[in-house]
Amino acid sequence: MNTSSPRLQNRARIAPVPETIRYPSTDIRSHTVTITNPGEPSRTYQGLKTSENDDMNCVEILATTVSIIIMVLTFPISVFICFKVVAEYERAVIFRMGRLRSGGARGPGVFFVLPCVDDYCKVDLRTVSFDVPPQEVLSKDSVTVTVDAVVYYRISDPLKSVIQVSNYSHSTRLLAATTLRNVLGTRNLSELLTERETISHTMQMSLDEATDPWGVKVERVEIKDVSLPTALQRAMAAEAEAAREARAKVIAAEGEMKSSRALKEASEIISSSPSALQLRYLQTLVNISAEKNSTIIFPLPMELLSPFLSASHGHCSHKHQ
């Protein structure tokens with residue numbers, strides 16, 4: 001029996017092996033399309049299903065043929081319609097009959113489109129900044145504050161920014177406002193006032209992770225201002241003023257205690273030597289005269305008046321007797 005008959009060969013056919021096709025792209029990352037079944041191709045671009053390499057049906061082939069004929073008949077006027085230019089900071093995502101063209105985003109430079117069947121979207125790759133509207137947030141310690149911020153972002157993947165989301169700018173703005181409220185709601189008032197850099201970094205990481213499927217890269221988030229209610233500002237000012245007055249009283253009391261100790265030690269030293277007291281009197285006169293005062297105070301030692309005081313005391317006691 002011959003085993004190499006056509007029937008057996010047909011039964012022993014091997015299923016087609018999946019293949020991977022790579023297309024050049026202007027982006028840093030390559031665009032990978034995986035074909036699992038030639039009959040029903042299922043292609044993905046970085047986890048995103050696309051139909052860029054599916055076979056065209058009769059209507060699409062007819063429309064493309066008519067477009068080429070019109071382009072040839074209207075040459076060279078059609079040149080101004082078919083050739084498009086994108087700047088260095090732009091990329092163009094082209095759709096033919098609603099399907100994504102193979103090759104990824106075009107640009108920078110000149111690219112070709114067919115009239116009537118090709119449509120394209122320009123994507124700006126430059127960094128964009130926007131202000132987050134002031135958000136009233138209830139902090140972790142139940143204090144209502146108003147916080148606003150500024151966000152800087154750019155497009156890292158033009159295809160995702162066009163295919164995955166209808167309006168990446170509006171979606172990023174709404175997500176930034178929501179993230180600001182969520183992050184600040186887990187912080188105390190003292191942390192909001194002192195740890196702005198940490199909060200900004202946390203917001204940036206959260207926004208970047210959420211907008212990555214949209215092809216958006218959040219570069220920086222900065223908190224601009226934290227506004228407190230007027231009553232809370234007055235209460236905090238009164239509290240700070242009371243704390244400063246308490247510290248001032250403590251410092252003054254400590255100074256009085258130290259000065260009293262120093263005076264006690266000085267009095268003990270002066271009392272041991274009468275001449276030291278006279279020198280102190282003379283030093284006081286020098287200090288008074290240095291200020292050019294018209295009044296001069298001359299201190300008189302009490303020892304000189306002690307005989308007169310004792311005599312007057314004895315005379316008064318004799319009268320009483």
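The questions and answers below take up the model one topic at a time.

Author: This is a predicted model, in which local features need pLDDT of at least 70 and side-chain atom pairs count only at pLDDT 80 or more, while totals for chains, interfaces and linings use all residues. Residues are numbered from 1 along each chain as its sequence is written, and side-chain values use heavy atoms, with hydrogens and water left out.

Reader: How many salt bridges does the structure hold?

Author: Side chains of opposite charge can pair when their charged atoms come close. A salt bridge here is a side-chain nitrogen of Lys or Arg within 4 Å of a carboxyl oxygen of Asp or Glu. By that rule the count is eight.

Reader: How many residues apart are Arg 96 and Asp 118?

Author: The side chains of Arg 96 and Asp 118 form a salt bridge, with N to O at 2.8 Å. This pair links distant parts of the chain, Arg 96 lying in strand β6 (residues 90-96) and Asp 118 in strand β9 (residues 118-124). The two are 22 residues apart.

Reader: Is Arg 187 buried or exposed?

Author: Arg 187 pairs with Glu 195 in a salt bridge at 3.5 Å, N to O. Buried means under 20% relative accessible area, exposed over 50%, and partly exposed in between, with a 1.4 Å probe and protein chains only. Glu 195, at 30%, is partly exposed. Because its relative accessibility is 16%, Arg 187 counts as buried.

Reader: What is omega for the cis peptide bond between Gly 107 and Pro 108?

Author: Another cis peptide bond joins Phe 75 and Pro 76, with omega about 10°, and Pro 76 sits in the loop between α2 (58-73) and α3 (79-82). Pro 108 is in the loop between β7 (99-100) and β8 (109-112). For the bond from Gly 107 to Pro 108, omega is near -5°.

Reader: What is phi of Cys 116?

Author: Cys 116 lies in the loop between β8 and β9, and is exposed because its relative accessible area is 77%. Met 97, in the loop between β6 and β7, has a positive phi near 55°. The phi of Cys 116 is also positive, in a residue other than glycine, and is near 75°.

Reader: How many disulfides does the structure hold?

Author: A disulfide is a covalent bond between the sulfur atoms of two cysteines. The cut-off used is a pair of cysteine sulfur atoms within 2.5 Å. The number of disulfides is zero.

Reader: Which cysteine sulfur is nearest to that of Cys 82?

Author: Cys 82 is in no disulfide. Cys 82 counts as buried because its relative accessibility is 1%. The nearest cysteine sulfur is 9.3 Å away, and belongs to Cys 116.

Definitions and conventions. Helix = DSSP H or I, 4+ residues; strand = E, 2+ residues; numbered from the N terminus.
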